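Take a look at the model below. We will walk through it step by step.

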Amino acid sequence: MRNRRSPEDEWKRLKPDAEHALQMLLSEIPDHANPQSLFEAYAYAKNIAARAMQSRMLGDLPAENREFKLLHAKINQEMYSRYKNAVPASFLRTPYSGKTHEYLFSLLQKNLAQPVQAAMLRIVTADNVHTERRARELRELGLDVHWYDIEEISVYELRSLDIDFGMIPAIIRNNVRKSKSMPKDQKQLILRNAGIPEI
């Protein structure tokens with residue numbers, strides 16, 4: 001299996017193609033005779049530039065964010081401490097531990113207590129559809145993430161690295177609800193015995 005390129009190597013590989021694509025787009029803009037050529041040049045430039053910029057941004061972030069993993073470990077530890085005798089172990093797991101959430105956390109952490117444009121978050125994930133929902137999911141872990149507008153521009157801000165452990169019952173409730181192998185009445189019983197509201 002071939003090793004995946006580092007973000008730095010990927011940036012070096014994509015940079016000339018991105019430059020060429022953007023130059024092609026610029027050359028098409030003054031020519032209104034064939035709009036289809038303009039649209040195609042834009043679609044190509046947008047794709048290659050997005051991949052190049054993502055690589056460049058990832059090169060400025062840690063390959064593995066230890067703080068992100070530590071926060072997950074703290075949540076897991078607290079979850080087990082509170083509910084290990086009331087909830088099956090399969091439901092005592094912390095969600096949102098994948099690379100996408102880690103990238104988002106890393107970017108917000110790098111700009112701790114400062115607003116980060118949603119557009120920047122979309123660059124680091126290379127996803128224009130789900131990125132903002134995934135950023136908000138970090139708050140479901142109990143992280144101090146806020147989102148608001150500045151002059152009609154959406155921004156996200158990680159205000160501290162403190163964890164609100166009060167979110168743990170909601171995490172467990174969601175884990176239980178997502179189970180497809182367990183009947184509804186059994187799910188309700190687990191939550192009731194753990195003292196977790198079903199709402």
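Helix 4 and helix 6 are roughly perpendicular to each other, a label for angles of 65 to 115 degrees. Helix 4 covers residues 99–110, and helix 6 covers residues 131–140. They pack at an angle of about 75°, with their axes 10 Å apart. Here an axis is a line fitted to C-alpha atoms over the stretch in contact, and angles run from 0 to 180 degrees between N-to-C directions. Helices are DSSP runs (H or I, at least four residues), numbered from the N terminus.

Which residues make the contact? Helix 4 brings Thr100, His101, Leu104, Phe105 and Leu108. Helix 6 brings Thr131, Arg134, Ala135, Glu137 and Leu138. Contact means heavy atoms within 4.5 Å.

This is a predicted model: local features need pLDDT of at least 70, side-chain atom pairs count only at pLDDT 80 or more, and totals for chains, interfaces and linings use all residues. Residues are numbered from 1 along each chain as its sequence is written, and side-chain values use heavy atoms, leaving out hydrogens and water.

Now find Glu10 in helix 1 (residues 7–28). Is Glu10 buried or exposed? Its relative accessibility is 17%, so Glu10 counts as buried. Buried means under 20% relative accessible area, exposed means over 50%, and partly exposed lies in between (1.4 Å probe, protein chains only). Leaving aside neighbours within four places in sequence, Glu10 is in contact with Arg5 and Ser55.

Move on to Lys46 in helix 2 (residues 35–58). Lys46 is partly exposed, with a relative accessible area of 45%. Lys46 and Val155 are 109 residues apart in sequence. In space they are 22 Å apart, C-alpha to C-alpha.

Conventions
Helices (H or I, at least four residues) and strands (E, at least two) are DSSP runs, numbered from the N terminus. Angles under 35 degrees count as roughly parallel, over 145 as roughly antiparallel, 65 to 115 as roughly perpendicular and the rest as oblique.
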